Amino acid sequence: MMHADVQGPMIRVADLVTHYGERRVLNHVSLEIQPGETMVILGGSGTGKSTLLRHIVRLEIPTSGHVYIKDEDVCHMPDEKFDAIRQKMGMLFQSAALFNSMSIGDNVALPLRELTRLEEPTIRIMTRIKLDLVGLSGFESFMPSQLSGGMKKRAGLARALAMDPEILLFDEPSAGLDPITAAGIDSLILKLKLAFRMTIVVVTHELASAFMIADRITVMQGGEIVAIGTPEEIRANQNPRVQQFLNRVPEDESRDIQAYLRNLTGPAS
Amino acid sequence: MNGVLAFIGRNTLGLIRYASSLGELSAATAYWAFVAPFQGRGLKGRNTLHQMVLTGYSAVPIVGLISFFVGMVLAFQGAYQLEKIGATYFVAALVGVSLTRELGPLITAVVVAGRSGSAFAAEIGTMKVSEEIDALKVMGLNAIKYLVVPKHLAMIVMMPCLTLLSDLAGILGGASFGIVQLDQTLSMYVLATRDALVMRDISTGLVKSVIFGSIITTVGCHEGFSVQGGAEGVGRATTSSVVVSIFLVIVADLVFTAIFYYTGS
């Protein structure tokens with residue numbers, strides 16, 4: 001499944017540390033994602049998985065550490081240089097992030113209009129191809145507010161695909177969707193993976209979806225990677241934190257009585 | 001005592017940080033509006049036109065009406081004093097000069113800050129909350145070029161136009177008082193206004209209005225970009241965009257009036 005033009009990993013995250021204010025969100029995270037691979041980053045809420053994704057597209061700059069895309073350090077390069085790399089990356093946001101003032105067709109066409117010199121008829125055809133790919137043919141003239149949650153995600157995906165990216169990133173693709181619609185998005189991801197051999201990174205907390213689409217899974221907890229491996233390896237992993245997540249065991253809620261009383265009677269913080 | 005010092009220090013630092021981020025935004029806007037187009041990096045012409053309609057054309061009725069009433073109020077108040085020395089002829093001069101030099105630009109700025117400045121903050125803030133700004137960035141599109149520059153250019157063009165309209169409507173408001181109360185004719189009133197006005201009165205007002213337009217856009221957009229959290233954050237940004245921009249408009253007004261004063265009439 002190797003692309004001819006890339007040797008080594010497509011995305012390499014090296015010793016990434018990042019803080020939101022004083023709080024450390026990522027703690028020495030290192031990760032390699034191979035070309036053509038589908039990597040699922042699995043973890044509960046607030047484990048830093050979305051933050052990791054935001055670093056890969058350089059929406060956040062780390063406190064220390066590096067993110068390499070095709071061996072180029074994206075954290076420390078000028079914006080102009082990164083723009084070229086960025087055009088080969090597509091991202092589907094958790095809320096789909098469609099531009100609400102534009103029709104679906106204009107949303108998908110926007111990157112083509114702004115970043116290429118294609119003629120308008122060509123752009124229209126490409127827009128229809130992308131919409132057809134995600135099962136939204138005939139919806140060009142609809143406004144985002146007229147679509148359901150699942151259709152918005154599909155439209156967002158069509159926009160992410162507009163520039164024929166080599167890397168496709170998903171932030172919680174099934175968040176806020178009913179199980180059937182979510183499964184529809186999963187099978188769409190599988191279809192894209194087989195058809196285009198893109199490098200795909202999916203951040204999710206849905207176990208079923210993770211095991212269905214992943215070539216490899218990274219399990220994160222508390223800003224750290226606890227396990228990386230194929231779905232079988234992850235299932236067989238004996239690390240209690242991995243097993244806790246897989247078996248959906250809630251966090252232990254028993255607590256120190258003394259600390260509880262101190263907390264109740266102490267001064268307001 | 002330490003508490004007081006810490007309070008002053010914290011607020012001063014906050015103020016400096018706010019001012020410098022406003023400065024950064026204006027510098028980036030200036031680059032994308034006036035430098036980048038000449039490097040072949042494009043300008044959003046149609047968006048600019050659209051913003052001109054929203055910020056300029058649509059504000060015509062309200063700016064006109066408010067200025068008309070303010071002109072009338074000024075005439076009433078002026079006549080109240082000038083009657084005492086039998087100089088009601090100078091009501092026209094009072095209304096004309098104070099409107100063109102001061103109140104025209106100021107009223108326009110206040111109305112536009114409330115209409116458009118808040119709309120900028122709400123629009124950009126909502127886009128921030130719904131990840132649309134991030135989506136722009138990920139596509140490699142510059143948010144300042146797409147969102148701020150069209151608004152800024154539209155405001156720079158439309159503020160002087162609205163200000164001229166405000167001057168005119170205010171003078172007409174004064175004239176309506178002159179005709180009804182002082183038994184003047186419209187042409188007498190207009191002539192008296194023209195005698196009192198010099199070109200510099202109008203031009204300094206227009207210069208101010210461009211500055212005010214810049215302030216309102218920069219503050220509105222900055223508040224939008226700094227939205228944190230959800231709908232509540234958007235609401236807070238909208239409010240503070242109006243408050244901060246009116247405050248800064250008054251400060252800038254003071255500074256520029258002083259400059260114009262010391263550089264001759």
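Read along the sequence, chain B follows the pattern α-α-α-α-α-α-α-α-α. Chain B has nine helices and zero strands, where helices (H or I, at least four residues) and strands (E, at least two) are DSSP runs numbered from the N terminus. This is a predicted model, in which local features need pLDDT of at least 70 and side-chain atom pairs count only at pLDDT 80 or more, while totals for chains, interfaces and linings use all residues. Residues are numbered from 1 along each chain as its sequence is written, and chains are lettered from A and ligands numbered from 1 in the order in which they are written.

The C-alpha trace of chain B spans about 70 × 55 × 35 Å along its principal axes. Of its 265 residues, 45% count as buried. A residue is buried if 20 or more other C-beta atoms lie within 10 Å of its own, exposed if 12 or fewer, and partly exposed in between, with C-beta atoms placed from the backbone. Two residues are in contact if their C-beta atoms, placed from the backbone, lie within 7 Å. Among contacts in chain B between residues at least 6 apart in sequence, 86% join residues at least 24 apart.

Chain B also touches chain A: ten residues of chain B are in contact with 14 residues of chain A.

In chain A, consider strand β6 (residues 89–92). A:Met89 and A:Met91 on one side of the strand and A:Gly90 and A:Leu92 on the other are all buried, so both faces are covered. Strand β6(A) runs parallel to strand β7 (residues 167–171) of chain A, and four bridges join the two; strands pair if DSSP finds at least two bridges between them. Within this pairing, A:Met89 has A:Ile167 as its bridge partner, and A:Met91 stands opposite A:Leu169.

Five of the five residues of β7(A) are buried. A:Ile167, A:Leu169 and A:Asp171 lie on one side, with A:Leu168 and A:Phe170 on the other. On to the next strand: five bridges join β7(A) to β8 (residues 199–204) of chain A, again parallel, and A:Ile167 stands opposite A:Thr199 in β8(A). Together β7(A), helix α6 (residues 179–196) of chain A and β8(A) make a right-handed β-α-β unit. Right-handed means that, with the strands pointing away from the viewer, the path from the first strand over the helix to the second runs clockwise.
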